[in-house]
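Here is a short report on surface patches and strand pairing. Please keep the structure open while reading.

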Amino acid sequence: MRADRLVATLLFLQTRTRVTVAEVAAELEVSPRTARRDLEALSTAGVPVYSQRGRGGGWSLVGGARTDLTGLTAEEIRALFLLAGPSSTTPELRTALRKLVRALPAPLRSGAEAASRAGLVDGTDWSRADVTATGPHRDTLQRAVVDGIQVRLGYAGPGKPVGTRTVHPLGLVAKAGRDYLIADTERGLRTFRLSRVASVEATGEPVVRPDGFDLPTVWRSFAARLEERLYAATVRARAEPDAVTILQRLFDGRLHLGPTLPDGRTEIRVDGPTPEVVASQLAGLGARIEVLDPPEARERLARLAVELAGVYGPPPSPGAGGDAPPPPSTPDSGATPRREP
């Protein structure tokens, strides 16, 4: 690509006081005509490149000018802006992107600007719940990770009050719209969900990194253990045809479809942390799901049925008016009577 050649030409100029067209052509393995055209394009684009004719002449950067580019190709620049563009919600990142665009040669700017506009991050799900909020302490923790400073962390675990502990912040991980802190503690490496962080106070003491610590490796280990807990139990059941699509939306990869039975139902297996949890999730589908085993799942459904009947009472029988249509509206009820033709 010509854009890549222009970047390579510019970087080659930075390494030499003055170069000839022949030297550029040999370095980039192009013809002298192509090399001259690229040098002229850089000059036309505003890069401070000029030529000097005669013996000892050639092309050079005015005053030894340099660019901050470090060998990025056009594809690499687009990849960078595609990644940073949708996330550029902070003033610092927007300013950095503008500076980077200005540092690029003109032929590369349009592609970078287009890439920065090609994506969008919507921080809410379809129920309008914020799924990307990680609390007000992310920037403070990020600085602590980068600067290598211990922090006193106020943190509330699931179902627990806020407690304070001193930790060695080692890295931040984004997973499915949530951010997690990986930190070393008195009890070893731990993960902390940022949305549960109540306070952060830098201690000024340096972080002590465990020997051989590698953030991706540690996170994969944590994630694998969590997935083991999420898939610790399996419930076997039979589902009515109209329930299969709903089950696929509810459980996604935790649902396993089996053969279709003679009565039209489908055998299914659903994975979850415990049989009781899976049974509770299936309860909303009522009689469209028949749980077969394990016994703990069937017992949980039976208890739920008793509890719900105790709150709402037994369902009305068809003869008791439960399925009867509502009475017609009357003028006294405030509704406008419908005129029959």
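Tyr-231 has a relative accessible area of 41%, so Tyr-231 is partly exposed (buried is under 20%, exposed over 50%, partly exposed in between; 1.4 Å probe, protein chains only). Tyr-231 sits in the loop between H8 and strand E8 (233–239). Helices (H or I, at least four residues) and strands (E, at least two) are DSSP runs, numbered from the N terminus.

This is a predicted model: local features need pLDDT of at least 70, side-chain atom pairs count only at pLDDT 80 or more, and totals for chains, interfaces and linings use all residues. Residues are numbered from 1 along each chain as its sequence is written, and side-chain values use heavy atoms, without hydrogens and water.

Together with Leu-226 and Leu-230, Tyr-231 forms a nonpolar surface patch of about 270 Å² accessible area. Patch residues have over 30% relative accessible area and no salt bridge; nonpolar side chains (Val, Leu, Ile, Met, Phe, Trp, Tyr) are joined within 5 Å, like charges within 9 Å. Areas come from the Shrake-Rupley method with a 1.4 Å probe. A salt bridge puts a side-chain nitrogen of Lys or Arg within 4 Å of a carboxyl oxygen of Asp or Glu.

## Strand E3 and its partners

In strand E3 (residues 149–156), six of eight residues are buried. E3 pairs antiparallel with strand E7 (residues 197–206) over six bridges (pairing needs at least two DSSP bridges). Six bridges also join E3 to strand E4 (residues 162–175), again antiparallel.

Leu-153 has Val-200 as its bridge partner in E7 and Arg-165 in E4. In the hairpin of E3 and E4, Gly-159 takes a positive phi near 70°.
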